[in-house]
Amino acid sequence: MPLNARVRPIASQNLPVRSASAHFGASDAREFYSWNPSSGSADSDLLPDIATLRPRSRDLFRNHGIASGALQTQIDNILGIGPRLSTQPDYRTLGQDKAWADEWARVCEGNFREWWETTACDVSRQLTGRAMSTQVLRGALMNGDALALCMWTPGRGSRFATCLQVVETDRLSTPNGKMDGPNMRGGIETDEFGKPIAYHIQKAHPGEFFTPGYSADQWQWERIPAETPWGRARVIHVHDKERTGQSRGKPMLAAVIGQFRMLEHYQRTTLQSAVISAMISAFIETPLSPDAVLEALGGSMTDTKAQQYMAAQREMMSPLKGAAVLSLPPGSQMKPFMPGQPTDQFAPFVEAVIRHIGVGLNLPYELLLKDFSKTNYSSARAALLEAWRFFAGRRAWLMDTWFTPVYRLWLEEAVNGFSAVTAPGFYANRFAYERAKWIWPGRGWIDPVKEAEASKIRMDANLSTLQQECAEQGLDWEEVLEQRAAERARMKEL
């Protein structure tokens, strides 16, 4: 709705007066007395906390094993080795037939692989498309969002001028420390409808200390339009919008940072208690007061008796060894040191916290810890299927926000710059030419025999196709058939 739109207010004089809350969760009961969370907009609730959530999340990923493993688990299952492009132009809309579409797809995919599977797609010529995608996904999960600039750099050793530059999202911010406003949120400039029209990026990372002249660049911003006048994207901003009007993304650990911190403190305290218990075996107590000790030693700690007494005490402080016979000073007695440790409750408490964290990260407990020792086949399959639904949704999100925009950038140059990929009336029928699917890495099988039989039954009952079954395993069904035909022909020949 436009900002200047007006809505007729609802008359309230006829509404009944409510004496108590209809919902217990909205009442003023003692359980909720001090519970008054923020009720701001998406950006009002998120943007002021981003500067704190982001470094805390990165610290956990660096220093906490479970957090680091959870991040890698999501990357491995969502992205893996990366998807493969399978172009499927809408040949009916374009007035063509299936044979034309298959030939056009083969030519297009071959040229795309030349760009995507080499470092030609990276402006720094260091990363391939797969490596860059891993960096983008890791940044989106760790920081909440990822940013890539769409560059045009002809004459750099590649016949394609389109390339990408991944930018740390810390550099995306409102210029000169100004406060965010209606048309500037977190460094993103928008129009009256909320559409991004420009991104303001610092020339140097705000935490950079090794680049000469960094202090000056840290306080200089570059305004980059979101797209060219003819609609070509110049910035790709990968983030998940949980609420309408949300400008930036939220780190994946945001909801479980407290649980991670509590678990870390509890584990460290328990470990320290165990170490102290192993180091200290006993205490030596004496019934004499400090004044009585001085009087017995002649009134001075420098006398020969005092030195002998201190030497005996040091001897008692030496580490105890097996079958040791100790001689204690007169009047002294040894008492064992037995610190209280919650060893019986350690494992259940840690497991309960990790299960809570797993729910917050949408990862089953077994997958989060890579421990299937206590799980049978049915439970493991149920847990992995539930996780697979989550991974499939994240794949669709990554395809829509990253892979498809990248393919569209490349295809526009390929159509305009090379005769190999011909697309008459490209801009008038852009959606029909850009239609494509991405074949993701397979999810794997828990029991290959059972699942292969189920796959065959689905196809025999016309509930699935070879294309769908191959795609679930990260395969292209046409390549599978072509390879099988070649193998059978070779077998017949031999």
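## Helix α1

The bend at a residue is taken as the angle between two fitted axes, one for the seven residues ending there and the other for the seven starting there; helices are DSSP runs of H or I with at least four residues, strands are runs of E with at least two, and both are numbered from the N terminus. By that criterion, α1 bends by about 55° at I50. The 22 residues of α1 should span 32 Å at 1.5 Å a residue, and the end C-alpha atoms are 30 Å apart, which agrees; the expected span is 1.5 Å times one less than the number of residues.

The model is predicted, so that local features need pLDDT of at least 70 and side-chain atom pairs count only at pLDDT 80 or more, whereas totals for chains, interfaces and linings use all residues. Residues are numbered from 1 along each chain as its sequence is written, and side-chain values use heavy atoms, with hydrogens and water left out.

S57 is found in α1, which covers residues 42-63, and it counts as buried because its relative accessibility is 0%; buried means under 20% relative accessible area, exposed means over 50%, and partly exposed lies in between, with a 1.4 Å probe and protein chains only. I50, where the helix bends, and S57 are both among the buried residues of α1, which also include D43, R54 and R58. Not counting residues up to four places away in sequence, S57 touches M142, P251, L253 and I257, contact being heavy atoms within 4.5 Å.

S27, in the segment before α1, is buried with a relative accessible area of 19%. A polar atom of the S27 side chain lies 2.7 Å from the backbone oxygen of F24, and S27 touches S21 and F32 when residues up to four places away in sequence are not counted. S379, by contrast, belongs to helix α11, residues 377-417, and is partly exposed at 38% relative accessible area.

## Nonpolar cores

A nonpolar core is a set of buried Ala, Val, Leu, Ile, Met, Phe, Trp, Tyr and Cys residues joined through side-chain atoms within 4.5 Å. The largest has 71 residues, of which L253, L398 and W402 touch the most other members; its largest share, 14 residues, comes from α11. A second, separate core of 10 residues includes V167, I188, I224 and V235.

Leaving aside neighbours within four places in sequence, L398 is in contact with I78, L79, L137, V238, F403 and W440.

Key: A polar contact is a pair of N or O atoms within 3.5 Å; within protein, one must be able to donate a hydrogen and the other to accept it, and residues adjacent in sequence count only if both atoms are side-chain atoms.
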